Amino acid sequence: MAVLLFSGHAWGQDSEPSRLELTGIDTSTLPIISLRLIGVQSNGQRIDTSQTPLEIQHGAETIPQEQFISIEEESVGSLTLVLLDTPAGVAGELGAIQEAVQIFAGSEESSFMTERQDTFGIYAVDFSDPKVLLEPTFFRNSLINWLAEEPPVQEGATALYDSLDSMLGQAEGLKPRPEIVASIVVFTDGTDTVSTRTDEVSVIQKAVDLGIPVHTVHLNNSLIFNPDEGQRFLQNLSDRTGGYYTELNQEGINQLWGTVSSLGRQIVVRYRPAEPVPGNVPIAARMRDFPNVEAFTSAQFPADQLKVEFGLEEYFQTAVVPDLTQPLDISIPVEVSWLDGRERAISTAQVLRNGEFIAELPVGDDGLATADVSLTGLAYGPNEIILAVMDENGNRGNSSPLTLNVAPGDNVVVPEPIQAGGSFSFGRSWLFGLIALFVLLAIAAYWILFSGAGGKQIKLADLFSSAFSPKPRRRSRSQEFRQSDEFNLGSAGPGTSFGDETAVSVQSTTSSDSNYWLDVIDSDSTDPISLPLIGLEQRLGRSPSKADLSFEKEQTVSRIHATFAREANSYRLYDEQSTAGTFVNGVPLPDYGQMLVDGDEIQMGALVLRFRRS
C-alpha cells in the first residue's frame, strides 16, 4: 500500500458561516420547543455556537441564546458517499486512495468513523450514472474488507458531471435518518469531457439547493500536462457548496475526514416562547453576528394542543443513592393546560424513565398537580424523566425531560424541589390534611368506644404510630415462564429440526393461541417459521438451557441475545449486551430498549425476524 506524502495546505479555521440548516423540530413538549440544527462555515467546518451565538425568531418574538432553556450537542451520525474517478492516468495513486479511506475507517480504538452511527458508501464514476462499489454501510469491517483490494482502474470515457449529478439526487434517499447531513467526497483529477446531461454550473447549483457539501480530493493524472483546469473546478465546487478541497496528502485527508465526521454532531436548542398561540407560526434560526445566515421552518399549533410542564425552575437535578436497587421516591410539581386556555379532562398520565414506561399516575376530577412516583432501574449518571399525558379527546403531550443525575453516596439525598411530599400545592395539601385528620379521629373514636368489650385497651398514640409506620414496598419484577411444558408448533415440537440444520426450541406455559408472533424471515440455518411470544418475558438466544426461544446453531446469535418484555399492549425489546447487537428496522437498540409495533423487522446477527400481532 502506498504511503501518503505530506505537503503544505492552508486551511482557514476562522471562516465565516456559510449556511445554517434546521434538521428537526419537536413541538410535542409545549410550552417548550426543541430545534435540531447544524451550522457550517465556508471551509466546511461545523460552527461552534459558543463562539458564534444563535437567536430564534418565533413568530414576532426574538429569543436570544442567553434565554434558551438549554443548548446541547447531540451525535446523530453522518452519511458519506465517496465518488471515485480513477482513469488510467491516476493508476499510480490508487494505493494512496486506499490508504485515505483506511484513515476514515481506522480501528475500534481510533477512527473518524463511529460504527453503527456513521454510514459510508463508495461509488465509481461511469459513462453516465455512478456504479456502486460498496453499498452504504455502518459496519467498519465491511469498509475494511472492501479495502483488501485496490480500487479498479476505469477504462473508457467517464462522465464526472453526470455521475456527480446522479449522486446528489440519490443522497437524500440513502440517509438512514432524515436529520442526518449527507456529504459527498470526490477523488478525481477534475476533468470531464463526455458529460451530456449537465455541466459544472448546474452541478454546483444542485448541490447548493440540496444543502449537500461536496468535498474534493485532487488526483494527479500523469496523462494530463496542464492540471490547472481540473484543480480550479474542484476548488470552486468545494468553495461554493461548503465543502473542503485538498490534494492527496495525509494532512489534507485528516482535515477532510475531521470536517466530514464533525457534521454528525448537531445542536439541540430548547426554548420557551413567551406566548405560544394557536395556528401556523413561522420559526427561524439565525447567527446573531451574521443575520443573513439563517434557516426557516414553521409549526402548526392546534387550539386544543396540550401543554405539559414540570413546575420547576431547573430541569437538571442531582440525587444521591447508595444502592441502585433501592427505589427513589420523588414528587414533581406538574402544570397541565391547553393552548386555547380551556380546561379539559385528563384521561391518562404516565411517567417514563429513559423512554421506558414505569408508572401510571392516578388522575382525579381536579386534574393533575404532582407526579408522585417511585423510581426503580436508575443508573448512575443522567436519567431522563418524562411525563406523558393524554386528554379526553385523545390529544397527547409530553413534558420536556427532567434530567435526574444520580450519584453514589452513603445516604439517600433527594433535591428539595422534587422531594416526596414536599411539592403539593397549598390549595390541595390543606384539604388532604383535613380529610386525613378527620379519618384518623373517626377511627380513634371507634376503637375507644368499642374496644372495651374485648378487654383490650387501645392507646391513641399507638393508633397514630400504626397509621404512620412505613409499609413494606413491593418491587415489581418480571415473571419467568420457564416451566418444563413445551410449546407444540403444529406437528413439530420443540427440538424438531426446522430446515436442514438447526433446531428451534420454544418453552412456554400456555396454548398456541398467542396474540404476538415472531416470523423468521432470514437465517443462516433455519427455514421460515413463526414463533409465539407468550407471557411477561421471553429471552431469545443460542443457549437452549438459558433461552426461552433458542436457535442452537445460529452462530451469529449470542447465548442470551435479547429479551422481549411485555409492556402495556405490546412487547419492549432489550439487547442483552450481545456480540452482534440487536437492530429494529436497521437502527440499533438504545440501552432502554424499544417498544415494538406490528411489522417491525428485528435483526440479530444473520437472524432476521418480523414482529407481528395476530
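Which side chain does a polar contact of 3.0 Å join to that of Thr-370? Keep that in mind as you open this predicted model, and let's start right there.

**Stop 1: Thr-370.** Select strand E20, residues 370–375, where Thr-370 has its place. Now show side chains: the partner is Asp-372, with a polar contact of 3.0 Å between the two side chains. Color by accessibility if you like; Thr-370 counts as buried because its relative accessible area is 8%, under the 20% cut-off.

**Stop 2: Gln-305.** Next, go to the loop between strand E14 (290–301) and strand E15 (306–310), where you will find Gln-305. Is Gln-305 buried or exposed? With a relative accessible area of 12%, Gln-305 is buried. Follow its side chain to the backbone oxygen of Thr-27, which the side chain of Gln-305 reaches at 2.9 Å. Then select the neighbors: leaving aside residues up to four places away in sequence, Gln-305 touches Thr-27, Leu-30, Gln-300, Ser-337, Trp-338 and Leu-339.

**Stop 3: a helix pair.** Finally, select helix H1 (residues 94–105) together with helix H6 (residues 250–262). Their axes lie 10 Å apart, and the helices pack at an angle of about 40°, so H1 is oblique to H6. Turn the view and you can follow H1 passing H6 in a right-handed crossing.

Which residues meet here? From H1, show Ala-100, Val-101, Ile-103 and Phe-104; from H6, show Ile-253, Asn-254 and Trp-257. Coloring this contact of H1 with H6 by residue class gives 6 nonpolar, 1 polar and no charged residues.

Key. Residues numbered from 1 in each chain as written. Predicted model: local features only at pLDDT ≥ 70, side-chain atom pairs only at ≥ 80, totals over all residues. Heavy atoms only, no water. Axes fitted to C-alpha atoms, helices over the stretch in contact; angles between N-to-C directions. Helix = DSSP H or I, 4+ residues; strand = E, 2+ residues; numbered from the N terminus. Parallel < 35°, antiparallel > 145°, perpendicular 65-115°, else oblique. Left-handed = near helix turned anticlockwise from the far one by under 90°. Contact = heavy atoms within 4.5 Å. Nonpolar A, V, L, I, M, F, W, Y, C, P; charged D, E, K, R; others polar. Buried < 20%, exposed > 50% of the residue type's maximum accessible area, 1.4 Å probe, protein only. Polar contact = N/O pair within 3.5 Å; in protein donor to acceptor, adjacent residues only side chain to side chain.
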